[in-house]
Amino acid sequence: MFQDQLAEKVRPFIDLVDDMRSIGIDKELPLPTIAVVGDQSSGKSSVLESLSEVALPRGTGIVTRCPLLLQLCNDKAVKWKAVISYGEKFRHEFDKPSEVVRLVEQAQNVLAGKGVGICEDLITLKITSSTVCDLSLIDLPGIARVAVKGQPDDIGAQIKNLISKFIKKETTIILVVVPCNVDIATTEALKMAQEVDPEGTRTLAILTKPDLIDQGAEKNVLEIVHNRVIFLNMGYVIVKCRGQKQIDENMSITRAIEEELEFFRNHKHFRSLLREEKATTKCLATKLSNALVKQIKKYLPQMSEKIKEHLGEVKHLLSKLEGGPPLEPAEKRKYLIQVITDFNEQITQLSKGDIIVVENLFELMRREFTVWMECLKNAKSNYHEVVQQVVDEYDQKHRGSELPGFSNYRVFQHVVQKLVAELKRPAMMTLQTIRDMVQKQFDHLSKENFKNYPYLYQVSKKKIETIQEQQSNIVKARIVEQFEMEMQVYTQDEIFNKHLPEDKAEGSDHDTRSKYPGLFNAYYEEEKAEGSDHNTRSKYPGLLKSYYEIVVQRLADQVPMLIRYFILKESAKIVCSEMLDLLHRDDADNILQEDSEIGEYRAKLQAQADRLLLANDKISSL
């Protein structure tokens with residue numbers, strides 16, 4: 001019927017948008033389209049039936065419960081066939097026009113549930129026939145003012161929100177359906193169109209039911225059609241579709257279109273509209289097809305740029321994801337070797353300070369070792385106080401069988417041992433802190449390198465934890481050994497002498513033993529030693545202070561060296577060795593099993609890239 005409406009040069013543009021929508025480009029950017037809106041009982045379904053030449057679901061209340069994309073394709077070699085699709089996978093081909101109503105209602109029940117609710121999911125109905133025009137449009141639910149039984153109270157708001165999502169897009173042509181027998185200024189559909197298109201540059205209005213207007217109101221309708229009441233840049237078209245009586249009488253749509261032409265030809269007031277091409281469904285089809293093609297041409301450069309922009313973004317995201325393991329066993333094994341080798345290299349570099357992961361590990365360790373050094377320094381004051389107190393209270397609390405002026409070396413040895421032993425706890429705390437630092441950074445490398453492979457990540461994480469625990473136990477044992485050795489209170493004489501103050505390091509006045517002959521003479525002569533000249537203990541605090549400096553120097557270096565060697569260097573070496581052991585296994589498939597989410601995400605991105613590439617090719621072909 002309308003096969004000659006579009007020139008051959010028009011068809012490719014409509015096909016382009018339909019093809020782009022079929023490959024999912026409408027998910028990436030808005031495509032030029034025609035959205036049909038109208039109040040309930042405005043005659044919207046009748047208009048779509050006339051354009052598509054098939055009956056659509058009818059009834060009271062909300063009939064269109066999901067957006068319905070009607071793709072009409074003229075093909076002189078095809079009598080009639082259709083495809084309905086919705087959701088991710090459902091697609092059904094059929095060749096009987098009478099099946100349309102059942103299949104559309106079935107689709108709505110699947111998507112929106114049985115009842116009177118609505119859903120935003122799109123149903124696509126593609127009709128190919130030798131008599132339809134080339135056109136694509138989306139039918140939206142009719143605007144409801146009052147909720148009926150079974151509907152939510154806010155059904156009106158839900159429908160308006162759904163309609164707004166479509167008509168607010170600048171690429172959308174708004175097709176407003178308004179009955180002739182109502183005040184056009186009060187229709188909700190036209191109000192919604194004016195809110196998003198106040199200049200009326202992309203709004204076309206259809207006036208329906210011209211046979212139902214009151215006698216004498218024809219002039220008012222003509223004023224509207226001639227754009228003198230509410231101006232719309234795209235204008236108005238008046239149509240007469242099947243009424244309820246004709247539907248009840250099973251009048252065919254073809255016959256109804258023939259009667260429509262006769263109605264306008266014979267109408268005293270409206271016959272002039274035929275010459276002006278402002279009346280009949282045929283005129284509407286031509287106007288819509290031309291408007292859609294014009295809109296497509298207008299936005300074609302933007303669509304091309306947007307597609308290229310999106311394609312660049314998707315390719316960038318794909319570049320961040322590894323391509324995934326190869327399928328061939330030999331190649332998969334090589335890939336596994338490379339993945340583990342890359343991880344081992346980074347662990348080794350980290351242990352040497354050649355790379356920084358999140359934070360500089362060596363700087364963090366230096367800070368912690370500085371805290372350890374401060375702990376040793378802070379312990380000095382307490383050490384000196386305790387030694388001095390022992391000296392001052394020696395005769396009252398510590399003196400044994402020795403004569404006055406003599407001291408028991410063991411007393412002072414025990415003091416040194418006790419005070420040095422108190423440093424073991426902060427040494428262990430330093431170990432734990434450094435272990436946590438190193439394990440955290442090892443774990444981070446594991447997560448980054450094996451983020452796509454949950455098995456490898458879990459295995460490496462477990463190995464890191466186990467090895468860190470083993471190495472930590474070794475260091476604990478070594479620290480305990482170190483402190484047990486410190487209980488000997490020993491250093492080389494030469495080293496000890498170097499740490500004595502200069503005034504005490506020379507001569508014999510620091511040698512407390514030089515006082516002993518005088519003390520024995522006093523005892524022999526039964527003299528009473530008074531004063532401090534025979535009190536050799538006055539020298540002890542200074543001597544023990546010098547020894548403590550030696551202890552501090554030993555511990556200040558020894559504890560950090562133990563920790564760095566075993567917790568960082570040796571741990572890294574063992575982790576690398578144990579990860580390489582995985583290469584001796586024969587289950588590379590399990591080891592390289594990808595995270596399902598990563599695989600799905602890559603597949604989604606790849607499909608998106610394929611769609612965009614295909615769309616870019618289609619645009620370039622024009």
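This is a predicted model: local features need pLDDT of at least 70, side-chain atom pairs count only at pLDDT 80 or more; totals for chains, interfaces and linings use all residues.
I took helices (H or I, at least four residues) and strands (E, at least two) as DSSP runs, numbered from the N terminus. Residues are numbered from 1 along each chain as its sequence is written, and side-chain values use heavy atoms, with hydrogens and water left out.

**Entry: I474**

I began with I474, which I found in helix α16 (residues 454-486). Is I474 buried or exposed, or partly exposed? I474 counts as partly exposed at 32% relative accessibility; buried means under 20% relative accessible area, exposed over 50%, and partly exposed in between (1.4 Å probe, protein chains only).

**Entry: N344**

Next I went to helix α11 (residues 329-352), where N344 has its place. N344 is buried, with 7% relative accessible area. Which residues does N344 touch, leaving out those up to four places away in sequence? I noted C576, M579 and L580, with contact meaning heavy atoms within 4.5 Å.

**Entry: aromatic pairs**

I then turned to the rings, and the structure holds seven aromatic pairs. One of them is W80 with F94, tilted, at 5.8 Å centre to centre and 55 degrees between the planes. For the record, rings of Phe, Tyr and Trp (its six-membered ring) pair if their centres lie within 6.5 Å; planes under 30 degrees apart count as stacked, over 60 as edge-to-face and the rest as tilted. Because W80 lies in strand β3 (residues 80-86) and F94 in strand β4 (residues 90-94), this pair ties together parts that are 14 residues apart in sequence. I find W80 buried at 15% relative accessible area, and F94 counts as buried at 10%.

F264 and F270 form another tilted pair, 6.5 Å centre to centre with 50 degrees between the planes. F264 is buried at 0% relative accessibility, and F270 is buried with a relative accessible area of 0%. Ring pairs also bring in F263, linking F263, F264 and F270 into a cluster.

**Entry: charges over rings**

The charged end of K169 sits over the ring of F166, 5.5 Å from its centre. K297 has its charged end over the ring of F13, 5.1 Å from the centre.

Notes: A charge sits over a ring if NZ of Lys or CZ of Arg is within 6 Å of the ring centre and within 35 degrees of the ring normal.
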